[in-house]
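My entries follow in the order in which I checked things.

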Amino acid sequence: MNFDYLLTQYGYLAIFLCSIFEGETILTLAGFFIHKGYLHFFPAMLSAACGGMLGDQLCFFLGRYYGSRLLKHFPKLTPMVEKTDKMLYKHSSLIIILVRFMYGVRIAGPIAIGMSKVPFLRFALFNMIGALLWALLILSFGFIFGESTHWILAKYQHYARLIVIIAIILILLIIMAALCLKQRHKKKSSN
């Protein structure tokens with residue numbers, strides 16, 4: 001079994017499963033693989049949208065039926081739930097569509113919406129619209145990324161190894177900086 005076989009046989013399933021909880025990374029990669037011809041755009045978009053909708057529906061039901069208990073067990077979610085609830089009061093339809101694009105409230109947002117008085121069918125409709133938009137935009141970004149990567153590598157092929165090494169170093173530096181900031185934040189919190 002090689003990579004090509006695995007990607008063509010299980011790519012859509014992987015997109016669906018990964019989109020249930022996060023999805024941006026896998027969708028960007030899927031867009032890249034669409035550009036390379038391993039996957040097709042429409043089935044990838046449907047897989048991602050269905051996974052994203054399912055994940056948010058599950059979180060909505062968690063909020064609807066277990067919201068207060070969840071907040072007791074995960075008190076860090078409380079500020080995000082309160083923030084989402086304030087936004088919901090003014091713009092519920094728009095919030096339901098855009099919550100998957102908001103950093104830090106991707107999981108807590110649907111839980112907060114479930115805890116609110118937003119009816120299930122309203123949430124399901126706007127969740128579907130949001131999931132389709134999300135899948136379309138992130139896959140398109142990955143496709144464009146694939147196009148630009150192809151162009152850059154073709155134009156600067158003799159620098160390809162150097163570009164990959166620099167990219168890896170940059171990624172490692174970003175990870176190290178994030179870990180240092182997290183440690184610094186923990187130290188400030190404990191003092």
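Entry one, a helix pair. I looked up helix α4 (residues 77-98) against α5 and found them packed at an angle of about 70°, with their axes 8 Å apart; the axes are lines fitted to C-alpha atoms, for helices over the stretch in contact, and angles run from 0 to 180 degrees between N-to-C directions. I therefore noted α4 and α5 as roughly perpendicular to each other, the term covering 65 to 115 degrees. The contact (heavy atoms within 4.5 Å) is made by L77, M80, V81, T84, L88, I95 and I96 of α4 and by A108, G109, A112, I113 and M115 of α5. Sorted by class, this contact has 10 nonpolar, two polar and no charged residues, where Ala, Val, Leu, Ile, Met, Phe, Trp, Tyr, Cys and Pro count as nonpolar, Asp, Glu, Lys and Arg as charged, and the others, Gly among them, as polar.

Before going on I wrote down the ground rules. This is a predicted model, in which local features need pLDDT of at least 70 and side-chain atom pairs count only at pLDDT 80 or more, while totals for chains, interfaces and linings use all residues. Residues are numbered from 1 along each chain as its sequence is written, and side-chain values use heavy atoms, with hydrogens and water left out.

Entry two, the cover over α5. How many residues of helix α5 (residues 108-115) are buried? I found seven of its eight residues buried (under 20% relative accessible area, with a 1.4 Å probe and protein chains only), namely A108, G109, P110, I111, A112, I113 and G114.

Setting aside neighbours within four places in sequence, I listed M53, D56, Q57, I96 and R100 as the residues in contact with N127. I96 is also one of the α4 residues that contact α5.

I counted seven helices and zero strands, taken as DSSP runs (H or I, at least four residues, for helices; E, at least two, for strands) numbered from the N terminus. Buried residues make up 34% of the 191 residues in the chain.

Definitions and conventions: Buried < 20%, exposed > 50% of the residue type's maximum accessible area, 1.4 Å probe, protein only. Parallel < 35°, antiparallel > 145°, perpendicular 65-115°, else oblique.
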